[in-house]
Amino acid sequence: MSKMKQTLSADEHAKAREAIMMHVRKVVPKALIVAVVTGLYLFSQAFGEIAESGMTHFQILLSIKAFLGLWLGFRGINQVFFKIQPWVFKSHIFPFTLVIIIILLSQFMYL
């Protein structure tokens with residue numbers, strides 16, 4: 001999107017952005033629900049029992065990952081379905097950073 005600003009006029013950029021966002025607004029809510037529901041299901045299947053000695057490395061990282069995913073899901077569902085805007089972290093940079101952290105946690109879970 002930032003490259004479009006450099007090559008298009010302000011009016012063309014606004015029209016192009018709105019044309020793209022029209023489709024994004026249709027797809028993202030459904031994808032968000034699928035991600036949250038499948039994440040909860042996978043968590044219930046993969047977490048396992050907590051041993052007397054405490055949680056395993058896998059369980060700790062899975063718990064952190066689940067917390068971040070639920071926070072993102074809760075934030076997104078509030079925005080999309082209830083039109084409740086977040087009180088803090090209003091830009092897309094923070095959620096994007098959390099997604100990157102979730103992906104990295106997924107990689108470290110199996111070490």
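Gly-73 has its place in helix H3, where helices (H or I, at least four residues) and strands (E, at least two) are DSSP runs numbered from the N terminus. The model is predicted: local features need pLDDT of at least 70 and side-chain atom pairs count only at pLDDT 80 or more, while totals for chains, interfaces and linings use all residues. Residues are numbered from 1 along each chain as its sequence is written, and side-chain values use heavy atoms, with hydrogens and water left out.

## Exercise 1. Surroundings of Gly-73

State whether Gly-73 is buried or exposed, and which residues it contacts beyond its neighbours within four places in sequence.

Step 1. The relative accessible area of Gly-73 is 3%. Buried means under 20%, exposed over 50%, and partly exposed in between (1.4 Å probe, protein chains only). Gly-73 is therefore buried.

Step 2. Contact means heavy atoms within 4.5 Å. With neighbours within four places set aside, Gly-73 touches Leu-32 and Val-36.

Step 3. Ala-35 is 38 residues from Gly-73 in sequence, yet their C-alpha atoms are 8.1 Å apart.

## Exercise 2. The overall fold

Describe the secondary structure and the overall dimensions of the protein.

Step 1. The protein has four helices and zero strands, in the order α-α-α-α from the N terminus.

Step 2. Its C-alpha atoms fill a box of roughly 65 × 30 × 25 Å along the principal axes.

Step 3. Of the 111 residues, 21% count as buried. Of the contacts between residues at least 6 apart in sequence, 49% join residues at least 24 apart.

## Exercise 3. The nonpolar core

Identify the residues of the largest nonpolar core and the elements that give two or more residues to it.

Step 1. A nonpolar core is a set of buried Ala, Val, Leu, Ile, Met, Phe, Trp, Tyr and Cys residues joined through side-chain atoms within 4.5 Å.

Step 2. The largest such core has ten residues: Phe-47, Phe-58, Leu-61, Leu-62, Leu-68, Leu-72, Leu-98, Ile-102, Leu-105 and Met-109.

Step 3. Helix H3 (57–82) and helix H4 (93–108) each give two or more residues to this core. H3 gives the most, with five.

Step 4. Beyond its neighbours within four places in sequence, Met-109 is in contact with His-57, Phe-58, Leu-61, Leu-62 and Lys-65.

Step 5. In soluble globular proteins, nonpolar side chains tend to be buried together.

## Exercise 4. Three further residues

Step 1. Gln-107 belongs to helix H4.

Step 2. His-23 lies in helix H2 (residues 10–46).

Step 3. Gly-48 is placed in the loop between H2 and H3.
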